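Dear colleague,

I am handing over the structure below, together with some notes on what was found in it. Please read the notes alongside the coordinates.

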Amino acid sequence: MPTQPLHCVLICQHQSCQLQGSSKVLEAFQNCNIEGVTMEASGCLGQCNIGPTVRVIPDEIWYYRVTPEDVPLIVEQHLKQGEPVQEKLNPRFHPRYQYY
């Protein structure tokens with residue numbers, strides 16, 4: 001019986017994300033063959049003005065303005081070590097609170 005993947009990485013390939021280079025982001029993720037992780041093109045994720053958008057499920061981590069250069073850090077730190085990349089977290093889903 002096949003095992004379920006640990007993570008699925010969805011990379012938006014809708015029109016506005018495409019214009020911002022999401023096809024190269026998808027290619028960079030697909031070049032990182034990680035056991036237990038699937039990389040998939042997705043339709044619109046609804047974050048058009050801050051794309052390219054990457055969503056990692058089941059963690060429900062949303063990354064914004066992802067470039068191909070960001071992919072190795074996301075792969076190593078989040079997908080392999082389980083620690084989301086704070087500076088790329090979409091602020092709409094992961095608000096940062098400042099304490100004074």
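I begin with Arg-65, which is partly exposed, with a relative accessible area of 43% (buried means under 20% relative accessible area, exposed over 50% and partly exposed in between, with a 1.4 Å probe and protein chains only). Arg-65 lies in the loop between strand 4 and helix 3, where helices (H or I, at least four residues) and strands (E, at least two) are DSSP runs numbered from the N terminus. Although Arg-65 is not a glycine, its phi is positive, at about 50 degrees.

Please keep in mind that this is a predicted model, in which local features need pLDDT of at least 70 and side-chain atom pairs count only at pLDDT 80 or more, while totals for chains, interfaces and linings use all residues. Residues are numbered from 1 along each chain as its sequence is written, and side-chain values use heavy atoms, with hydrogens and water left out.

Backbone details

Glu-60 also deserves a check, since it has a positive phi of about 55 degrees without being a glycine; Glu-60 is found in the loop between strand 3 and strand 4 and counts as partly exposed at 35% relative accessibility. Pro-58 is in the loop between strand 3 and strand 4, and the peptide bond that leads from Ile-57 to Pro-58 is cis, with omega near 10 degrees. A cis peptide bond also runs from Gly-51 to Pro-52, with omega near 0 degrees, and Pro-52 has its place in the loop between strand 2 and strand 3. As background, most residues other than glycine have a negative phi, and most peptide bonds are trans.

Overall arrangement

The protein has three helices and four strands, which follow the pattern β-α-α-β-β-β-α when read along the sequence. Its radius of gyration, taken over C-alpha atoms, is 13 Å, which agrees with the value near 13 Å for a compact globule of 100 residues (the globule rule is 2.2 Å times the number of residues to the power 0.38). Of the 100 residues, 43% are buried. Among contacts (heavy atoms within 4.5 Å) between residues at least 6 apart in sequence, 62% join residues at least 24 apart.

The helix pair

How do helix 2 and helix 3 cross, left-handed or right-handed? The axes of helix 2 (residues 22-30) and helix 3 (residues 71-80) come within 9 Å and cross at roughly 45 degrees, which makes helix 2 oblique to helix 3 (angles under 35 degrees count as roughly parallel, over 145 as roughly antiparallel, 65 to 115 as roughly perpendicular and the rest as oblique). The crossing is right-handed, that is, the near helix is turned clockwise from the far one by less than a right angle. On the helix 2 side, Val-25, Ala-28 and Phe-29 meet Val-71, Ile-74, Val-75 and Leu-79 of helix 3. The residues of this contact divide into seven nonpolar, no polar and no charged.

Two further residues

Cys-32, in the loop between helix 2 and strand 2 (37-42), is partly exposed at 23% relative accessible area. Leu-10, in strand 1 (residues 7-12), is buried, with a relative accessible area of 13%.

Best regards

Key: Axes are lines fitted to C-alpha atoms, for helices over the stretch in contact, and angles run from 0 to 180 degrees between N-to-C directions. Ala, Val, Leu, Ile, Met, Phe, Trp, Tyr, Cys and Pro count as nonpolar, Asp, Glu, Lys and Arg as charged, and the others, Gly among them, as polar.
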